[in-house]
Amino acid sequence: MNKKFVLGIYDDEDVLLTAIENVRAAGTKIYEVFSPYPVHGIDDVLGIKRSRLPIAAFFFGLFGTSFALWMQIWMLGFDWPMIIGGKPHIALPSFIPVTFELTVLCAAHGMVITFFIVTKLKPSMKVPVFDKRSTDDKFVMAIEVKDGETDLAALNNLLRTNGAIEVNQKEVLK
Amino acid sequence: MQHVSPIREPLVTGGKTYHDITEDVCRQVEAKPNMRWAIALAVALVGFAIFCYSVYRTLWYGIGEWGLNKTVGWAWDITNFVWWVGIGHAGTLISAILLLFRQKWRTSINRAAEAMTIFAVICAAMFPVLHMGRPWMALWVLPLPNTYGSLWVNFNSPLLWDVFAISTYFSVSLVFWYIGLIPDFATIRDRATGPIARRAYAFLSFGWTGSAKAWSRYETVSLILAGLATPLVLSVHTIVSFDFATSVIPGWHTTIFPPYFVAGAIFSGFAMVLTLMIITRKVFKLEDYITLEHIESMNKVIILTGSIVGVAYITEFFIAWYSQVEYEQYAFINRATGPYWWAYWSMMTCNVITPQLFWFRSIRRSLTATFIITIFVNIGMWFERFVIIVTSLHRDYLPSSWAMFSPTSIDIGVYVGTIGLFFTLFLLFAKFFPVINMAEVKAILKSSSEVKPHHQHHSNTMHGTAKDSNSNTSHSNE
């Protein structure tokens, strides 16, 4: 099924932020906003919740710590105990560096893989942007058009009075 | 609300707009390679060829091709390893620690500095792997099950900690760098005209669209990665210094080593970043993005870390005398007055005296002076590693085993070769990847550029002027 969108094009981040506030206040649902760089304050006006990725990173890190400790204690303490430099078999101070490194390794890679999965980022040949200028210097506000429900003229007017330099329509094949 | 002082120098000069940034950074990615780049690559490839030949000799005839002997069992290779790893540290410092400190000036240099980190770690890793003699056995450093028991690796050994530290550091730096590259690859993809370029950059950009949700997560991921990379980078050179500090060799067995090595690493790394940046900004005409303000900020880091290193040298001498340990005292007297006195005094001159010139503002802001001093620092830091390693080993407890070390042509070939490898990788990066993080520079443009982008015609159609006039600063990034 094809989806239709109305795209409001902006060229200033502050105008965009006010426009988002006003468009949402007018009761219009914003499908997505695209920008060439992270616009600060956009999360609040769009109502995007704080990402839970730090929590994921914490648990991946915790896994790394436990795995590293288990691995070293089991290998040198139980599987093949050896006396090295007169130290006890389970010489915990010696295990700190590897434990730390594996904690960082698991936390970083675990979080990044989660980020790729939840944001649906993967290598592909498709060019999925709505308006190619949104990766250069324009900010694009996309609003989904529902046949029979959306008043295009009113929407156009709303976007333009809020500073859009262009209002375009776009159909996306699903 | 964020206050930007009016006396603060702009970080982006020339009154650039968002589109100008895209144009300026993408220009050399999209243009045909120019002559200067091709000549530079040819020179780097000669270095790479020397590397290949020296590695072939090392592997075919064995470690005997190197100048090591029974007394000096670690010399040229480990010197180069520590030197390269140290250089890498500046990239992570710029991208991670300066991000946590909210230093906006990092945005235009972090991309190239991180690339330098990755290439420097690749060069560093060559040395311990080659010193194994049989690099195809390198997987034995990992705790893998085997048919000898399983006989596990020794987790009490700093050399094993190094394996974990360097591989974690490399892979986390690579991921951090790549995450930053994704939005910029998307920019290049959306501008690309040729079918190969479009497909290649589409593949590399992972289907990035720049949606608000994705940016929100991107920023979270960058912040957490910076938080993870900061202790990581400090741990890496700490663990490298443990290779020496946990042994009982006079001159190595000191508790000062971890902070001393980390400061030295940042010192040499910033010198290398400056060397590369002064060339890059000139060749790719990026003077409006890498300004004298950036050069001066980096020079300030050099003078700080250089002074820490200087204090550490003096502290080592004092502690050797104060400890009343005869061997320790001899190790230091021998460094300064023994057969390797020239290496010691080269180190002192290059590392302690030359960076002090940066106290003068005119020298801090002079490109020529900075370039020359950074070369001195790079040489000085190489000698520091050489002095620590070779002078401590060559005269140990037993005078009957005293010996001298001199490198063979293969030793020199591997070292010069890694410089060729480094520049080959860096030049390829500079041609095909955006050398400046476009998205992050655009994000600081409004607050840190000479001229604020004007959109007067919009503010007229909008409501109240009060909100508009202060939103210029209130929404400014970082």
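**Exercise 1. Contacts and overall form of chain B**

Take the contacts in chain B with a separation of 6 or more, and find what percentage of them join residues 24 or more positions apart. Then decide whether chain B is as compact as a globular protein of its length.

*Solution.* 
- Step 1. Residues 24 or more positions apart account for 82% of these contacts in chain B. The model is a predicted one.
- Step 2. List the secondary structure. Chain B has 17 helices and zero strands.
- Step 3. The globule rule gives 23 Å for 478 residues, and the radius of gyration of chain B is 24 Å. The two values are close, so chain B is as compact as a globular protein of that length.
- Step 4. Along the principal axes, the C-alpha atoms of chain B fill roughly 90 × 50 × 45 Å.
- Step 5. Check burial. Of the 478 residues, 49% count as buried.

**Exercise 2. Helix 3 of chain B**

*Solution.* 
- Step 1. Count buried residues. A buried residue has 20 or more other C-beta atoms within 10 Å of its own.
- Step 2. Look past the end. Arg102(B) follows helix 3 of chain B and has a positive phi, near 60 degrees.

**Exercise 3. Where the chains meet**

Describe the side of chain A that touches chain B. Then trace the contacts of Met111(A).

*Solution.* 
- Step 1. Count both sides. In chain A, 66 residues are in contact with 62 residues of chain B.
- Step 2. Name the main contributor. Helix 4 of chain A gives the most to its side, with 15 residues.
- Step 3. Sort by class. The chain A side holds 37 nonpolar, 15 polar and 14 charged residues.
- Step 4. Turn to the largest nonpolar core. This core has 182 residues, and Met111(A) is among those with the most contacts inside it. Helix 7 (residues 212-245) of chain B supplies the largest share of this core, 16 residues.
- Step 5. Trace Met111(A). Leaving aside neighbours within four places in sequence, its contacts include Leu53(A) and Phe60(A) in chain A, and Val221(B) and Ile224(B) in chain B.

Key
Residues are numbered from 1 along each chain as its sequence is written. Chains are lettered from A and ligands numbered from 1 in the order in which they are written. This is a predicted model: local features need pLDDT of at least 70, side-chain atom pairs count only at pLDDT 80 or more; totals for chains, interfaces and linings use all residues. Helices (H or I, at least four residues) and strands (E, at least two) are DSSP runs, numbered from the N terminus. A nonpolar core is a set of buried Ala, Val, Leu, Ile, Met, Phe, Trp, Tyr and Cys residues joined through C-beta atoms within 7 Å. A residue is buried if 20 or more other C-beta atoms lie within 10 Å of its own, exposed if 12 or fewer, and partly exposed in between; C-beta atoms are placed from the backbone. Two residues are in contact if their C-beta atoms, placed from the backbone, lie within 7 Å. Ala, Val, Leu, Ile, Met, Phe, Trp, Tyr, Cys and Pro count as nonpolar, Asp, Glu, Lys and Arg as charged, and the others, Gly among them, as polar. The radius of gyration is taken over C-alpha atoms; the globule rule is 2.2 Å times the number of residues to the power 0.38.
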